[in-house]
Every structure is written in structure tokens, then in C-alpha cells.
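Thanks for coming. I will go through one model, starting with the fold and ending with a ligand site.

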Amino acid sequence: MSFETAGKPITCKAAVAWEAGKDLSVEDVEVGVPRAGEVRIQIHYTGVCHTDAYMLSGKDPEGAFPVIAGHEGAGIVESVGEGVESVKCKECKFCKSGKTNLCGKIRATQGKGVMPDGTSRFKAKGKDLLHFMGTSTFSQYTVVAEISCVKVTDKAPMDRTCLLGCGITTGYGAAVISAGNGGIEEGSTVAVFGAGCVGLSVIQGAVKNKASKIIVVDVNDSKKEWATKFGATDFVNPAKDLKKDETIQARLVEMTDGGLDYTFDCTGNVHVMRSALEACHKGWGESIIIGVAAAGQEISTRPFQLVTGRRWKGCAFGGVKGRTQMGGLVDDYMTGKLKVDEFITHRQNLGGINQAFHDMHDGDCIRCVVDMQKV
Ligand SMILES: NC(=O)C1=CN([C@@H]2O[C@H](COP(=O)(O)OP(=O)(O)OC[C@H]3O[C@@H](n4cnc5c(N)ncnc54)[C@H](OP(=O)(O)O)[C@@H]3O)[C@@H](O)[C@H]2O)C=CC1
Ligand SMILES: N[C@@H](CCC(=O)N[C@@H](CSC=O)C(=O)NCC(=O)O)C(=O)O
Ligand SMILES: [Zn+2]
Ligand SMILES: [Zn+2]
């Protein structure tokens with residue numbers, strides 16, 4: 001390994017969450033040497049996703065502190081532990097099935113915020129810090145399991161490709177992989193609830209698969225322009241555009257002669273999830289849940305909605321198999337087939353990461369990219 005830091009702990013800056021609901025604190029953090037099957041990465045850029053905010057707020061049942069959050073990252077491998085060969089997981093039931101992108105190999109320890117051997121690689125102020133989602137990209141260096149990272153072409157700009165680490169891939173994959181039997185069919189009618197990064201990415205996938213109608217539902221009027229720019233054909237603001245006692249599902253059913261072929265929840269609101277299901281066409285309409293809802297929240301509908309042929313499902317990371325399909329998405333971006341630059345509305349340095357979270361709640365923020373090497 002050519003890096004002189006290999007084999008030694010590295011002290012660098014990271015944004016630490018000491019407790020739920022508090023601003024992050026940029027601290028000196030010691031990042032341990034990667035052990036067997038692990039990779040230490042110098043993070044160059046990270047996006048900030050709503051799922052980071054959700055965990056940091058304390059609403060994630062798996063959230064634990066102190067922690068280094070962040071999961072939309074791009075960087076350069078600094079050193080690797082023993083036995084790292086960059087092979088995909090072939091061992092677990094999930095990966096062997098080929099039916100899902102969820103991998104069970106390290107999920108249990110990942111959910112507890114530790115590496116597969118049960119320990120942490122981060123220390124600050126004499127305390128161990130937890131990892132998040134197996135990535136912790138809010139640190140200038142991080143250690144991940146080999147199967148949690150993917151090598152992509154070094155020609156791709158990392159301040160763009162970091163965003164393929166979650167939001168864009170999630171929405172796009174939901175439309176082209178998870179919906180139906182391998183993606184939305186040509187000519188389908190689609191409704192997207194919530195036009196943030198994830199919803200706009202669903203639109204991008206629906207356009208790619210030649211949907212005939214793409215209706216966007218968002219409570220924020222400024223999202224109409226965004227939705228149209230990405231290829232939506234219609235926009236409804238349920239907070240303003242409905243008649244007295246009219247529901248959004250009734251409006252959508254009326255607009256589509258009986259309901260939609262596909263609907264997507266990209267809000268994380270369980271009431272919206274119900275509307276999205278009930279806006280589906282009787283007999284075959286399918287609703288895909290993407291949004292993450294807080295602990296304790298549950299979805300409900302009349303079972304009759306399902307008895308009469310509507311289908312409810314969900315997906316993580318759009319159903320995209322990161323280790324085998326991410327390279328193709330990066331190539332699509334490089335050849336102009338996949339929009340990424342268009343999502344970047346804000347930029348910050350590591351020192352401005354709290355501002356990135358504040359900006360995220362503004363209607364005009366789609367994604368903020370954080371330069372991790374500049375404090
Ligand atoms: N399953 C997975 O793998 C992943 C899930 N997620 C989740 O997906 C969700 C969307 O993420 P992201 O696109 O970044 O989020 P954003 O907050 O950027 O987008 C959500 C949009 O929905 C709008 N909205 C809020 N309430 C309603 C409503 N009642 N009806 C219609 N629109 C509404 C919001 O408006 P306003 O801004 O005015 O509130 C906003 O425009 C989040 O829950 C996130 O955690 C993200 C990545 C991966
Ligand atoms: N830990 C939470 C659920 C959080 C969640 O749903 N995460 C999604 C990704 S959201 C990304 O921005 C996910 O991939 N889930 C699959 C998984 O195995 O974690 C809870 O317990 O509710
Ligand atoms: Zn696996
Ligand atoms: Zn995310």
C-alpha cells in the first residue's frame with residue numbers, strides 16, 4: 001500500500017453526534033486500522049440524506065449515540081485489512097436467493113453501529129463512537145466492511161457520484177428495478193408523492209421506462225417546476241388544489257380513469273402511504289413505499305383495497321444491488337444517460353455540516369454536497 005498511513009491509526013476531523021436532537025460537533029477523531037475484511041477510505045464528498053436527519057433526531061429505533069452519521073459518500077481507499085479481495089457476498093441466504101438487494105451478512109452488527117467483529121473503529125475524547133449504516137461518511141476517514149463499498153471508475157467526479165450512494169439511486173431503482181416485475185412497463189401511469197431527491201429520481205426512472213403519465217403530488221408549489229424539469233406531466237398540490245371533501249386519492253383516480261398503474265411514496269408520511277395505495281387501479285395497481293417513517297408509526301388501509309387487487313410493497317436503495325449494479329449507474333452518469341448534477345442545490349465544507357441539515361428542510365434544497373476535506 002503506497003499510503004504511509006497504512007497500518008497506523010489516523011487522526012482526522014469528523015462530525016460527531018454526541019446525542020439525539022443536538023447539532024453535530026466537528027471533532028478530532030481517531031480512526032483505527034482496518035481489520036480482516038475491512039477497508040479504510042478517505043472520504044472526499046458526502047451528501048446529506050433525510051435518513052441521516054431522521055436517525056439524528058432520535059426517531060430511528062436503531063439510532064444509538066455517540067455516532068458518526070452519513071451514508072452518501074465517495075472517496076479513495078487508503079488501506080485495506082487482511083483478506084480483502086473485493087468479491088461480492090456469496091454466502092448469505094439473501095444474496096444466494098438473487099431475489100433481493102438486502103444482504104444479511106453484516107446487517108445485525110451494522111444495525112448496532114459496530115463493525116462485523118462487534119467493535120468500533122472510531123474514538124473521540126477517549127470514547128468509542130458508533131458507526132452508522134455501515135458507512136459513517138461524515139468523517140474524513142472511515143472504515144467499512146469490504147462488502148459495504150463499491151469500486152467505480154476513477155474518472156467519475158466524486159462530488160457528484162457521492163449522491164449515487166443513496167437518494168438518486170433509491171428513487172431511480174424503485175422505478176426501473178423494484179416496481180412491477182423488473183421496472184415500470186412502457187405506457188404505465190405513475191404518481192409520485194413527494195418531489196425531493198428521491199421522488200425526482202423516481203420521475204427520472206419513469207421517464208426512462210417510458211411511462212405515459214407521471215403525476216407528482218407535493219404540498220410545496222415550488223416542486224412543480226422541479227417535477228416538470230425532470231419529466232412529470234401533471235402536478236397536484238393536495239394542500240391547495242382539492243375541492244371541499246375531495247381526497248387526493250379520489251382526484252388521482254378521476255384523473256386516470258380508475259387509478260394508477262404505479263404509485264410511489266417518497267415522503268415517509270404514513271397517511272400519504274395510504275393515499276398512494278388507494279390511488280392505485282383496482283385489479284393491478286401497485287404502490288411502492290420508499291419513505292422512512294418514525295418509530296411507532298404504522299400504515300393502515302381497508303383490507304378490501306388489497307382484496308381487490310391493489311398491491312403494497314417497498315424497497316430499500318431502490319432494489320439496486322450496489323456491488324454489481326452501481327458501476328453501471330456511474331457509467332450512465334458519465335455518458336449523460338443519468339442526471340446527477342441537476343440534484344445539487346447546495347454545497348458546504350465539513351465545518352458547515354449543521355447548516356446543510358438546516359438547509360435540507362428548506363423547500364428549495366434537493367441535495368447538499370459536503371466537501372469533507374475542507375473544514
Ligand atoms: N427506502 C430507502 O432506501 C430510502 C428512503 N429514503 C426516505 O425517502 C424519503 C424522501 O427523501 P427525500 O426525497 O430526500 O425527502 P424530501 O423531504 O426532500 O422530499 C419529500 C417531499 O415530500 C413533500 N411532502 C411532505 N409531506 C407531503 C404530503 N403530505 N404530501 C405530498 N408531499 C409531501 C415535501 O415537502 P416539504 O419540503 O414542504 O415538507 C418534499 O417536497 C425520506 O423519508 C427518506 O428518509 C431516502 C433514501 C433511501
Ligand atoms: N433503521 C430504521 C429504518 C431505516 C431504513 O429504513 N433505512 C433504509 C434506507 S433509508 C436510506 O436513506 C434501508 O435501507 N433499510 C434497509 C435496512 O436493512 O436497514 C428502522 O429500524 O426503522
Ligand atoms: Zn449477502
Ligand atoms: Zn439515504
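How many helices and strands are there in the protein chain? There are twelve helices and 15 strands, taken as DSSP runs numbered from the N terminus, with H or I over at least four residues for helices and E over at least two for strands. The radius of gyration over C-alpha atoms is 21 Å, close to the 21 Å that the globule rule (2.2 Å times the number of residues to the power 0.38) gives for 375 residues, so the chain is as compact as a globular protein of that length.

A word on conventions. This is a predicted model, where local features need pLDDT of at least 70, side-chain atom pairs count only at pLDDT 80 or more, and totals for chains, interfaces and linings use all residues. Residues are numbered from 1 along each chain as its sequence is written, while chains are lettered from A and ligands numbered from 1 in the order in which they are written.

The C-alpha trace spans about 65 × 40 × 40 Å along its principal axes. Of the 375 residues, 46% are buried, meaning that 20 or more other C-beta atoms, placed from the backbone, lie within 10 Å of the residue's own.

Now the ligand site. Which residues surround ligand 2? Among them are Cys 49, Asp 60, Glu 62, Arg 107, Cys 166 and Phe 317, where near means a C-beta atom, placed from the backbone, within 6 Å. Domain 1 (10-149 + 340-371) and domain 2 (168-318) both contribute to this shell, so ligand 2 lies between them; the bounds come from an automatic or database domain assignment.

Methods
A residue is buried if 20 or more other C-beta atoms lie within 10 Å of its own, exposed if 12 or fewer, and partly exposed in between; C-beta atoms are placed from the backbone.
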